[in-house]
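Please consult the sequence and the structure shown below.

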Amino acid sequence: MRKLISIIAALLLLMACGQSYEETKRLSREQRLEAWRKDSAALKVAVLPTLDCLPLFVAQHYQLFDTLNGGVRLKFYHSQIDCDTAIERGRVEGAISDLVRAMRINNRGMKLRYVSATNAYWQLVTNRNTRIKQLKQLDDKMVAMTRYSATDMLTDVAVDSAKLQEERVFKVQINDLGVRMQMLQNNEMDALWFTEPQATMARMMRHPVVLDSRDKDLRMGVLVFREKEMRRHERDKQLKLFIKAYNQACDSINKYGIAHYRNIVVERCKIKSQIVDSLPKEYKYFHAVGPRPQDVSAAEQWLNKH
């Protein structure tokens, strides 16, 4: 009898455990579904650890996006190609990019809306140990860049400006910004393209700048969204509120200065605090306005040749 009672007790215990496991699985499924619903409703934007993304970082930190139905989720990547992949595969609705890459995505069949030009500029930094101080010294040298991007186009601008033979300047595809900086520090590359704040970091290490995209009056930075997705009524409403919050963040940064948001820059861009103090003082942010026709035309002409 005692043995029978023990068996019954054990069976009841197993049944209780089984119910608990099934209940856990059910709750887990519900939690995953709820997380998926929230993620689907949110406006997702691919960003990089670069200063052109600061209005997005500030708007999120100070909850300026909270008026959006579903909110905004920033998805962090380390290279433009990863951002491209995310938007082309529908993982995000928007992305920080440049006109060359955005137009190439358009040409591949996914129409993008150019919501705003950004203040991004690129500087061609040479390793100080190579003693390259002029563009003409890039002959038979390696340049780190990203294929079919603003940096690819700008490398050609550098080659043309110095009247070098195209095949004598070797483009090396290094997409990850962190890897690119490590290569500079480890003396593994002759010249590299950087935007801010990485460009300031390189200059602080006394690496020369031989070309600045601003000197060529090229403004290639852009914030894009998937056109088809933005035509949906709910997404259109979200985008209007997004732009409002973006503009508010730009105004705040311009009013208080980048140093006021030091902690955000340090955290998001993965840099040391002292680099923030050395950033160009004239670095300003503009309300969401589409790119200039001449910049669109320059990117289009370059792509047509490639």
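## Lysine 270 and the basis of the model

Lysine 270 lies in the loop between α10 and α11, where helices (H or I, at least four residues) and strands (E, at least two) are DSSP runs, numbered from the N terminus. Its phi is positive, about 55°, although lysine 270 is not a glycine. With 65% relative accessibility, lysine 270 counts as exposed; buried means under 20% relative accessible area, exposed over 50%, and partly exposed in between, for a 1.4 Å probe and protein chains only.

The model is predicted: local features need pLDDT of at least 70, side-chain atom pairs count only at pLDDT 80 or more, and totals for chains, interfaces and linings use all residues. Residues are numbered from 1 along each chain as its sequence is written, and side-chain values use heavy atoms, with hydrogens and water left out.

## Helices α2 and α10

Helix α2 (residues 54-61) and helix α10 (residues 262-269) have axes that come within 10 Å and cross at roughly 115°. That makes α2 roughly perpendicular to α10, given that angles under 35 degrees count as roughly parallel, over 145 as roughly antiparallel, 65 to 115 as roughly perpendicular and the rest as oblique. Axes are lines fitted to C-alpha atoms, for helices over the stretch in contact, and angles run from 0 to 180 degrees between N-to-C directions. The crossing of α2 and α10 is right-handed, meaning that the near helix is turned clockwise from the far one by less than a right angle.

On the α2 side, the contact (heavy atoms within 4.5 Å) is made by Leu54, Phe57, Val58, Gln60 and His61, and on the α10 side by Ile264, Val265, Arg268 and Cys269. These residues divide into six nonpolar, two polar and one charged. Ala, Val, Leu, Ile, Met, Phe, Trp, Tyr, Cys and Pro count as nonpolar, Asp, Glu, Lys and Arg as charged, and the others, Gly among them, as polar.

## Valine 265

Valine 265, found in helix α10, is buried, with a relative accessible area of 1%. Leaving aside neighbours within four places in sequence, valine 265 is in contact with Leu51, Leu54, Ile258, Lys270, Ile271 and Val276. Valine 265 and valine 276 are 11 residues apart in sequence, and their C-alpha atoms are 7.5 Å apart in space.

## Helices α4 and α12

The axes of helix α4 (residues 99-107) and helix α12 (residues 293-304) come within 9 Å and cross at roughly 60°. The crossing of α4 and α12 is right-handed. Leu99, Val100, Met103, Arg104 and Asn107 of α4 meet Asp295, Val296, Ala299, Glu300, Trp302 and Leu303 of α12. This contact comprises seven nonpolar, one polar and three charged residues.

Arginine 292 lies in the loop between α11 (273-277) and α12. Arginine 292 is buried, at 18% relative accessible area, and touches Asp217, Leu218 and Arg219, not counting residues up to four places away in sequence.

## Further backbone features

Most residues other than glycine have a negative phi, and most peptide bonds are trans. Lysine 163, in the loop between α5 (150-161) and β7 (169-173), has a positive phi near 55° and is exposed, with a relative accessible area of 74%. The peptide bond from glutamate 196 to proline 197 is cis, with omega near 5°; proline 197 lies in the loop between β8 (191-194) and α7 (198-204).
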